[in-house]
Structure formats: C-alpha cells, structure tokens
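Student: Could you take a close look at one part of this model, the surface near the RNA strand, and then relate it to the binding-site positions in the database record?

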Amino acid sequence: MLDIKFIRENAELVQEGAKKKRIDFDVKKLLLVDDKRKAINQDIEVKRAKQNEVSQKIPKADSIQREALIKEMQPLKEEMQKLEEELKGVMVEWQKLMVTVPNIPDMSVPEGDSDKDNKEVKMWGKIPKFDFTPKDHVELMTNLGMLDLDRGAKVAGFRGYFLTGDGARLQFALWQFINDFFQKKAKKDNKWIPMIVPSLLRREPFIGTGYLPQGEEDLYKTQDGQYLSGTAEVAMMSYFMDEVLDKKDLPKKMLGFSNAYRREAGAHGKDTKGILRVHEFFKFEQVILCEANHETSVKLHEEIQSNTEEITQALGLPYRVVINCAGDLGLGQVKKYDIEVWLPSENVYKETGSASYFHDFQTRRLNIRYRDEDGKMKFAHSLNNTALSGRPLMMIVENNQQVDGSIIIPEVLRPYMEGREKIK
RNA sequence: GGAGGGUUGGCAGAAUGGUAAUGCACUAGUCUUGAAAACUAGCGGGCGCAAGCCCUUGGAGGUUCGAGCCCUCCACCCUCCGCCA
C-alpha cells in the first residue's frame, strides 16, 4: 500500500513504476475516485461540524429550545445519511483500487517482461564437469534410499514425496547447519532471533504482506477461512502487526522456520519430475524490520543477500545471482535478487532463493510503526530473503554425485552426519 | 461444543447516552558545569500558512439530535465446564 498523498503528489512516478512492472494500473482512475472521495468527505465534514456544534448546545438548553434544536437537526441527519451512503460506494471502489497500486521499482531495476529478462550480476563456483553421464536427483536419491516418490504419490497425491534414511538425515543436517550459521551471526550483533512460525494463518497477514487479494488461487484455504502460507515471511512479518516498536530495538532481524505450502495452480505441467517443484516443503527465512530509510533498506538488503550467498558457498554449490527485471517483481517489491543454483540434470541455474525489500509497502498494510527521535510515528521498512529452501538438498545431490552413484557430503555438513564423507 | 467476563493512546487506567480524565513513559525547552529533580509545551490520524475543523474507544451494522456507554453480528483474549490429546 502506498500513501494516497504520495500517490497524488507523484502520480506520474507511480504510473511509470506500474508501466515498468508491466502491471495494468491507471493512476488517473484512482485519482478521479479520490477526488470524489475528498469532495464528499468535505461535505460531510462541514455538516458534521454543524451537527457537533448544535449537539453541544442541546444539553445546556431548556426544554423548549431543546425541542427546537432537535427538530432543526433532523433534516441534517437525513442529508448526512445520504452522503454517507454515497461515500460508502465510493470507498469500496477506492479501497479496491488502492490495494492494486504497485510499489515503485528502484532505479537500478532493469526493464523487462518476465524472468527471461532478469540480468545476471554475479556468478560463483565452477559448474561440475562429469566424465560420465550424470544422473538426476530422482534416480540418485531413489537408488540411495533417500527419496520415495511412489509412496509419496500414493499417500499425498500429485507432487507428494517422502524423504527417507539419508535423505532425511541430510535435510536435518542442512537445517542444523543453517541454525548454527545464524547463531554465530547472532553472537556478533545480538540479533537474528530464531523462531518457529505457524503457516496456517488468518487472512489479514496475507493482505498485509501483499499475497492477497491478488494471489487467491495460489493458496490453499481451509473450511474455517484460514490460508496455508507459502513462506514463513507471511507470519514473521505479521508478528509485529498493529504494534509500535522501540526505535532502539531496530533493526529486528528474525530467522524463521516453517512449512511452506504452494498450490502451484498455474504450473500443472511444469517441473513434474522429482522434488524441484512440490506442494509442501520446509524453509528458513530471513526477515528484517528497520527504520524508514532508503539507505538502511539497501544496506540490509545486501546483507541478507550476502548471508544466503555465504551459505551457498559453504555448501559448495555453484550459483549465480540475477537482479529481477521490473516485470518480474511482485506488487510491493522495490528490488529483488534471485539466487540460482546449478542443476546438472537440466543444465540450467534454478532459483533457490529470493531477496527483496519493500520500503513501507508491507508495514503500512500491517500497521507496524515505531516512534522516531522527533516524536513522530513512522512505518518501518521491511525486507526478506530465503535462508534455505527445499531445493539445495537436491542441488547437493546432483552436483556432488560420483560415478558410482554415491554423493559427497559437503564438508560443513559432515559434523551433522556422524562425520561421514559420502552417502552410498 | 456450552456458560460467563473482557478489548479505551507507547503502557496503565477513568468516563448517570451530552461529545475521550489522569498517571507513567517518551520528545523538546527552561533551570544546571553536567545529570537528576522541578517547571513549561508537545505527545493516535487527516486537512490547513494559521485560527481552526474533521476523524479516532477491537471490526461491521443499527437505534438516537447526539453512542466508549444501548441493540445485532463478527474477531480476538481470559475463567470455568465438556470433549480430545
């Protein structure tokens, strides 16, 4: 959500931003509705001032005057009721338009229509060269008893899977590694509070983070009206919903762990093999709330990005970083980096995480504020990045495979795997 | 599932249906070598150069000239009972 005042004063900028994001949005239409809103509002305000004025006289008046005053107020009441009815209609339209106003992409965000236009900004590691025909993770993991897709489908349906034996152990090892990684960071700046967060959530957090009302069909919904979230971001960001934070506690840095549920409604035929695209997985997520300052947002954005790169490097996974083009940005995002890890079986880099910042787009919706030194209330800024999604597991398997089908365990994970070097 | 109680500013906490006290915290100023204390002002949001006006008591409706207060529905919190683990 953007400030309507800001939109009014920067209509052109907002329109340009929408265009750059390839989002169909007409700022003029909103401003027209807003004009109507303001006009009716003003009319009501004047009438209400009159009403307040007379109402204050009534208790002090004698009974004859009182009768007269009440009689005088009756037509005013009817007029106001009519105006309020009218305003209600305008407000419905106004609200509807307001939640569709996209945040403005940063200057450094490249033009483009889709993820094909994302720009590579960094590459790390060596793509493995195999002197044998590499296998995909399905074959490797199934052979090693790490993954059971047949029973996954039998029990959970399409895209269902079980991680078994060393598959489960390796996944646990990754989680422990991530947790320790951030514990070490926490020792330095006393931040990075670990949290285990719910994924069965009320509607408000999704509206607040910008996943609803647009993404209705991407989410699972329960018969009680809650939704299952596709990322811990939704719950973590909403943790401080409707609260006022102490400025001295900022930035808040949180490391959250949760289930992630994705309907993948638009991706029925896509990535149907293996566990690249699944309906349910676990994920570590970094979320930061900071002071309302662009430079601070940018600095922390780089920080959470570098955290994820450090992790990926520690795991020895070759990756590249792309800056998302404007057409590939979400409604609220100002700028986004994707980190993509090399997937040998498909000969491409595949996304494993995504780092974005929002300025106060989310916090305005979620009503997360802090009191600044000047005594004023301000909406905080928010950012988030994946720390570890479900994908690195299969990336490790494919990149570290040996000719005999065994898997070299990344050194940093060995302490969590009884010191073993290989899965065979 | 049943019964009852509750939700007011950053926090605590008042308000016979007559238009949101007060305290604490916070910010600025005065005083002070500095701090504390004391004093003064500000301290939810919007419009306005200003005077000032409007909105704001969990949310949505209703009754009324006027609703924090009365009525209806909803959300959440607490206590007890039942059920399950």
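**The surface near RNA strand B**

Tutor: In this predicted model, 19 residues lie around RNA strand B, and those that come nearest are Ala-49, Asn-52, Ser-55, Met-73 and Met-377. Two helices, α3 (27–57) and α4 (63–98), each supply at least two residues of this surface. The largest share comes from α3, which gives seven residues. By residue class, the surface near RNA strand B divides into seven nonpolar, six polar and six charged residues.

The record may be considered next. In an unreviewed entry, UniProt lists under "binding site" the positions Arg-262, Arg-263, Glu-264, Val-278, His-279, Glu-280, Phe-281, Glu-351, Thr-352, Gly-353 and Ser-354.

His-279 is placed in the loop that runs between β9 (252–261) and β10 (280–290). It counts as partly exposed because 18 C-beta neighbours lie inside 10 Å, a residue being buried only at 20 or more and exposed at 12 or fewer. When neighbours within four places in sequence are left aside, the contacts of His-279 are Arg-159, Tyr-261, Arg-262, Arg-263 and Glu-264.

Glu-351, by contrast, belongs to a strand, β13 (residues 348–357). With 16 other C-beta atoms within 10 Å, Glu-351 is therefore partly exposed. Beyond its neighbours within four places in sequence, Glu-351 is in contact with Asp-338 and Glu-340.

Conventions: Residues are numbered from 1 along each chain as its sequence is written. Chains are lettered from A and ligands numbered from 1 in the order in which they are written. This is a predicted model: local features need pLDDT of at least 70, side-chain atom pairs count only at pLDDT 80 or more; totals for chains, interfaces and linings use all residues. UniProt positions are given in the numbering used here, feature names are shortened, and annotations may be inferred rather than shown by experiment. Helices (H or I, at least four residues) and strands (E, at least two) are DSSP runs, numbered from the N terminus. Two residues are in contact if their C-beta atoms, placed from the backbone, lie within 7 Å. A residue is near a molecule or strand if its C-beta atom, placed from the backbone, lies within 6 Å of it. Ala, Val, Leu, Ile, Met, Phe, Trp, Tyr, Cys and Pro count as nonpolar, Asp, Glu, Lys and Arg as charged, and the others, Gly among them, as polar.
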